[in-house]
Each structure stands twice: as structure tokens, then as C-alpha cells.
Amino acid sequence: MLSLNRVSKVYKVGTFGGKDLVAVRDCTFDVSPGECVSLIGESGSGKTTVGKMVLKLISISKGSITYDGADVASVKGGGDVKSYYGHVQGVFQDPFSSYNPIFKADRVFDLIRREYFPGMAAAEWRDKVEAALRSVTLDPSQVLGKYPHQLSGGQLQRLLVARALLLDLKILVADEIISMLDASTRIDVLNLLADLKSRGVGILFVTHDLSLGNYISERTVILRRGSIVEMGATDKVFGQPTHPYTRMLISSVPQLHKKWSQIEAEIGDPVVKGASCLFHDAYPTAGKNGIYAPTDPTLVKIEDDHFVGCFDLDNEKVGILAA
Amino acid sequence: MIMYAGKLAEKAPTATIIQKPLHPYTQALVNSLPEVGVRYKDKKLAGIPGSPPSLLKPPTGCRFRARCPLAFAKCAEEPPFVKVDTDHSVACWKVPGTDA
């Protein structure tokens, strides 16, 4: 339903935008209805940039994103953009920054009403809002009419999900939505996402937390420095991590029953120096001299629904966007 | 040291908190942590129902009792913070050794 095809994002940085900063390069993956795809990567790996491009908050430098076969970049003009946002919505990391502290929190619902349901009767609208709030396990009497500072982070976050539910939601971009919630609220919001999934909503779950990504998603995409290094079915990526970076990432997750003193010896050096690169074994000419031609593959298929990128971790040039 | 709504709930070395938590709040908290390997479709983790109480009008007795699966009549009285083992203290009426 949502597909990214060799999507890249180049930011202009430095004085007069003289330097190019490649934040995302040649990313290709899909999100299907009722599927949760986690986008996992370290800080600065381009996860949020991908989410913002899907939400049309920033432009796409190269490649294309399509939603139901239509190019997202060409969605222009009030009506088309409005209908796109009627299906594709985002919720972000810091719920406090999504609200205006001067206004009551339920103003976000009024804005939706004004834009999308101007003709709806007040009573009917009220029922719709209350139904959406109940589906995110909020008590309408506890949250309506309150200011953002009177509500907890978890409540605000769930209000934003409820706001997306008022629309005919098809794709939800959830950018680190539970990173700042406590352990039990976090699970409530995750279970809510799983519930949305069963209603046919496709979720792009952006996170740096491997255990949360593993818990909720069917498919996993691992990003490193803007490139996809490994992707596929979650149990394959986590069960047989192939790229050295994925291995390192998975071995570095702290486990509840393991203490630092025991684990330190086990990690060792997961990156095998001089290991042959599966990607370049398969495509010896791809990405030659560090430049990927538009026709070059960016990932090699190692088994059904499991793909891996180039292993050459130390070579900065590899994967740089083709000029 | 685990706190709930401004009061101490349980105090013990980290390993004890993770391996044998005694307070129902600590237990619920530890059980809601996902680990690599836990999948939604295999094992659905549960959160703690409800939300923390308002501290403007804190509830009487045990502050966790409205959300506690084990709560009973006695919880209307405030549980003492009792030492149950060497280096392990807990404030809950359901923990053996706490009965007044």
C-alpha cells in the first residue's frame, strides 16, 4: 500500500548550503495493510527523515514514495493533500510539542472537525470523539477539557492516536512514540498499535529499541547511516542476523536478567574483520568506487523475505548517493 | 528502590528486585518489560490498568490499591515499610511477615 522506491534525502548544510549531507540513501521497502514494519537504527541513521518524507513534511531528494500506486510527491493542492492526510497520519516522540500549551488538549480534535467534518452535528461529533478515546482506553471525562500540562505523557500520546483514528486511517507513522513512557504505559500503547494492526492499519514503527520493534512488528528494516543494511521478516532478522552491524546491535541490547559484569566478556568483537561481504560476492560491480548506479541493487536476497546490504562497514564511501 | 505515588514501595538490591519482586507494583512493572525474543503474537504483555492517583488528594491507605490485583479490605490502612529479609524491605499487606 505504501512503498518506498530508492528514496534518498540530501540536506544542504553549511554556509549557503554549500555542502550535501546524505541523510537517507536508496531506501526501498513496503508497508502493507495490517502490517507493522519497524524501522530500527541508531541516532542519526535517518529513521525520522524517512517518516517525515512519508508524511510529506520534507521533500524527497531522489526516488519515489507511492501510496496506493500514486506518487506521494505529486500530491499537491489543498484537496488532494487533505485526502492524503485523511489516510496517512503521524504521531511523534514528544507529545508535549504536538500541543499548544495555551489551548486545551482536545483542540486537536476540533481542528480535525473543522477540516474534515465541517457539516457534522455536535452530538454526532461528540459520540465519534468519545468512541475514538475509548478505543485508546482513555476515559473521555478524564481527558476532555484539560490543558496539556494536566495530562500525562501517555495520555497525550494516546490522544494523538485517537485523533488519527477519527480519520479513515490507513497508515500510521509512529515515530518513537513510546520512548518517553514508563514501562507499563508503554505496553498499553504497544498493545493499542497491535489492535490497530488487526483493523488493517499499516504501521511504520520508527524506534531505536530492538526489543519493542521485535515485540510488535512483522517486518524489520535496519538502517545505518541512512542505508538499509538488513531487512526482512522480524524473526529472520532477529533469529539469523547476518549483517555485522545487526549482530552487534542485537548483542548490545541489555537483558533484564543479565548484569553488566557478566555480559561484558560475552560481547567481544562481533564484527568479524576481513569477513567476505555477501553483497559484493553476489554483485561484484555494484557500488564500485563507492558509487551506486541507479540500476545497481542495494540489497542481496539471502533467503525468502530476508535481505542484506554491503558489509564494508569501514568504507565511508560505500553507499554514497550516486551523483 | 521502587516508588509509587510519592511513597516507597520496595527497596532491595537490583538483582532481587528483578528476580523476586514482592510488591505487586514492582511485579507488574518487571513483567511489562519486553525483551528481545518476546513477540506480541506469542506472549501478550500486560500493562497496569488505570493511571497513577492524583497527588492533590492522595488515596488513603496503600496508594496502589485501586490498581492492585491483590487488593483487599486491609489495604485501606497504610501498609508499613517492613524489612522482610536482609536488605529487602517492602510496603504491602499481602507480603508474608507484614501482618500487623
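Some ground rules. Residues are numbered from 1 along each chain as its sequence is written, and chains are lettered from A, ligands numbered from 1, in the order in which they are written. Because the model is predicted, local features need pLDDT of at least 70 and side-chain atom pairs count only at pLDDT 80 or more, while totals for chains, interfaces and linings use all residues.

Chain A, then. Chain A has 12 helices and 12 strands. Those are DSSP runs, numbered from the N terminus: helices are H or I with at least four residues, strands E with at least two. Chain A has 323 residues, and 42% of them count as buried. Buried means 20 or more other C-beta atoms within 10 Å of the residue's own; exposed means 12 or fewer; partly exposed is in between; C-beta atoms are placed from the backbone. Now contacts: two residues are in contact if their C-beta atoms, placed from the backbone, lie within 7 Å. Take the contacts in chain A with a separation of 6 or more: residues 24 or more positions apart account for 67% of them.

Next, the helix pair. α4 (residues 122-135) and α6 (residues 153-166) of chain A pack at about 130°, axes 9 Å apart. Axes are lines fitted to C-alpha atoms, for helices over the stretch in contact, and angles run from 0 to 180 degrees between N-to-C directions. That angle makes α4(A) oblique to α6(A). The cut-offs: under 35 degrees is roughly parallel, over 145 roughly antiparallel, 65 to 115 roughly perpendicular, and the rest oblique. From α4(A) come A:K128, A:V129, A:A132, A:L133 and A:S135; from α6(A), A:A162, A:L165 and A:L166. By class, that is six nonpolar, one polar and one charged. Nonpolar covers Ala, Val, Leu, Ile, Met, Phe, Trp, Tyr, Cys and Pro; charged covers Asp, Glu, Lys and Arg; the others, Gly among them, are polar.

On to the chain contact. Chain A gives 20 residues, chain B 17. On the chain A side, α7 (183-198) and α8 (210-216) each supply at least two residues. The largest share, seven residues, comes from α7(A). By class, this side has 11 nonpolar, eight polar and one charged residues.

A:I216 sits in α8 of chain A. Is A:I216 buried or exposed? Buried, because 24 other C-beta atoms lie within 10 Å. A:I216 touches B:Y40, and its partners also include A:C36, A:L190 and A:F205. A:C36 is 180 residues away along the chain, yet the two C-alpha atoms are separated by 7.0 Å.

Conventions: Lists of a residue's contacts leave out its neighbours within four places in sequence.
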